[in-house]
Amino acid sequence: MKLNTPVSSPKTLDRRTSQRPQFQMKRTRTANQRVPKWAYLLFIILAAFVCYRIFQHRASEVKAAQPPGRPVTAAKAITKDVPIYLDEIGTCAAYETVQVQAQVSGKIIERLFQDGSDVKKGDPLFTIDPRPYQAAVDQAKAQATLDQVTLKRQEDLRARKVISHQDYDTAVANAQKSQAATEAAQVNLDYCYIKSPINGRVGLRNVDVGNLVGPSSPPLVTIQGLDPIYTDFTVAENDLPLVRKYLGGSNVKVETYLADGSITPRTGDLYFIDNAVQPGSGTVRARGVTPNPDRALWPSEFVRVRFILDILKDATLVPTQAVQVSQSGPFVFVVKSDNTVELRPVTPGQRQQGDLTVIESGVKPDETVVVTGQLALSPGAKVAPQPYTAQPPATPERSATAKSAMSYE
């Protein structure tokens, strides 16, 4: 059987085969020549922009996934000189108390003061009828004049040696006796004019004009000196070692103020501290002298007393609210530079005015501590701190102790 399939000659096949690769290479070269170079640059820029957008999108997703910092208020630790003190309850007492008494008998004919007014030393208060005592003075002066004349006559006779020594001595004695009687009568006359013996404030009078008074009568009126004024308080027996440690120092002061804060605390000196502990109460009595120029403090008035023992130099202070207490003891949250917090155990000292607490160890000056918002925090937590606004200075609180290793209140 004969097939009619045309068979190419070997030369023809070889020619076609050899011409095909040349044709393909020519087409590729032509295609490469058609793409400009700026297209490659544009492609690279677009690819970089797309990568940047993808990276930015993923970064925003990661940032959104992270929880925001918890809002807290924070403040820096400061350094300041503060007192070491004991807070006590006390009462005021008059610096001087005088009960004005009649020293001669007679009828009051004049009152020269207003009840409750301030008086100065030497101001007139009462006048007792002076007429009987004036008459006694006049009589004593007359007798004294007569005795002086007699003495002069006896001196002349004695010079001529015509009298005895006894007569002359009698004349001398009579002259001296009459002079003394005159002075005594003058004293009684002066007692008719009753004057204030001190600077102070008079109380309510006990007698009126027309009353008969005398040395045995009740006091006419009481005068109390109010400037300065005594501040009486007690120190607990347990605090005696600390008091003895600083007693006699130049920084020992007594600060007195009212519980309602209506007056500025007034600083005085320690005047007296008792030498024995009272058996019933286990306390030691003490007394300070407090300036009182405006009479704001009154005798027998209850006051708060801050017994300052010494001054603590360059103490580290933080707001009192910053100090928290756990089962492990007092601590604060310290804000680090990356706004994360660190739990820091501290040793707090006494509370000071201005809502501040001394930190004996655990916090350095200028470190930032969390003041409010601690309940939602844990070590390493992220925070968004806001400045803390200090509260107005409060009246000092009573502290448990004031020892150098002070316990936390």
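In what order do the four strands of the open sheet follow one another? The order is β6-β5-β3-β8, and the pairing is antiparallel. Strands of a sheet pair through backbone hydrogen bonds, either parallel or antiparallel. Two strands are taken to pair if DSSP finds at least two bridges between them. Helices (H or I, at least four residues) and strands (E, at least two) are DSSP runs, numbered from the N terminus. The structure is a predicted model, in which local features need pLDDT of at least 70 and side-chain atom pairs count only at pLDDT 80 or more, while totals for chains, interfaces and linings use all residues. Residues are numbered from 1 along each chain as its sequence is written, and side-chain values use heavy atoms, with hydrogens and water left out.

Strand β3, comprising residues 106-111, is joined to β8 in the antiparallel sense over two bridges. In one of the pairings, G106 has V213 of β8 as its bridge partner. Strand β5 (residues 124-128) contains T127. With a relative accessible area of 6%, T127 is buried; buried means under 20% relative accessible area, exposed over 50%, and partly exposed in between (1.4 Å probe, protein chains only). Contact is defined as heavy atoms within 4.5 Å. When residues up to four places away in sequence are not counted, T127 touches K107, I108, I109, E110, L112, C192 and Y193.

Several features of the backbone were also examined. Most residues other than glycine have a negative phi, and most peptide bonds are trans. A cis peptide bond, with omega of about 0 degrees, joins D227 and P228. P228 is placed in strand β9, which spans residues 221-236. A positive phi of about 60 degrees is found at R295, although R295 is not a glycine. This residue belongs to the loop between β12 (283-290) and β13 (302-319). S300, likewise not a glycine, has a positive phi of about 70 degrees and is located in the loop between β12 and β13. R295 counts as partly exposed because its relative accessibility is 22%, whereas S300 counts as exposed at 62%.

Charged side chains were then considered. A salt bridge is a side-chain nitrogen of Lys or Arg within 4 Å of a carboxyl oxygen of Asp or Glu. By this rule the count is 13 salt bridges. One of them is formed by K313 and D81, whose closest N and O atoms are 3.8 Å apart. K313 lies in strand β13 and D81 in strand β2 (residues 78-100), so the pair ties together parts that are 232 residues apart in sequence. K313 is exposed, its relative accessible area being 58%, while D81 counts as partly exposed at 38% relative accessibility.

A salt bridge also connects D118 with R201, with 2.9 Å between the closest N and O atoms. This pair links distant parts of the chain, since D118 is in strand β4 (residues 118-119) and R201 is in strand β7 (residues 200-202), 83 residues apart. D118 is partly exposed at 43% relative accessibility, but R201 counts as buried at 17%.

R344 and E367 form a further salt bridge, at 3.2 Å from N to O. Here R344 is in strand β16 (residues 341-345), and E367 is in the loop between β18 (356-361) and β19 (368-372); the pair links distant parts of the chain, 23 residues apart. R344 is buried, with a relative accessible area of 17%, and E367 counts as partly exposed at 21% relative accessibility.

On the surface, a nonpolar patch is formed by F49, V50, Y52 and I54, which together have about 410 Å² of accessible area. Patches are made of residues with over 30% relative accessible area and no salt bridge; like charges are joined within 9 Å, and nonpolar side chains (Val, Leu, Ile, Met, Phe, Trp, Tyr) within 5 Å. Accessible areas come from the Shrake-Rupley method with a 1.4 Å probe, and for residues only the protein chains shown count as cover. Among the patch residues, I54 lies in helix α2 (residues 37-65). I54 is partly exposed, with a relative accessible area of 41%.
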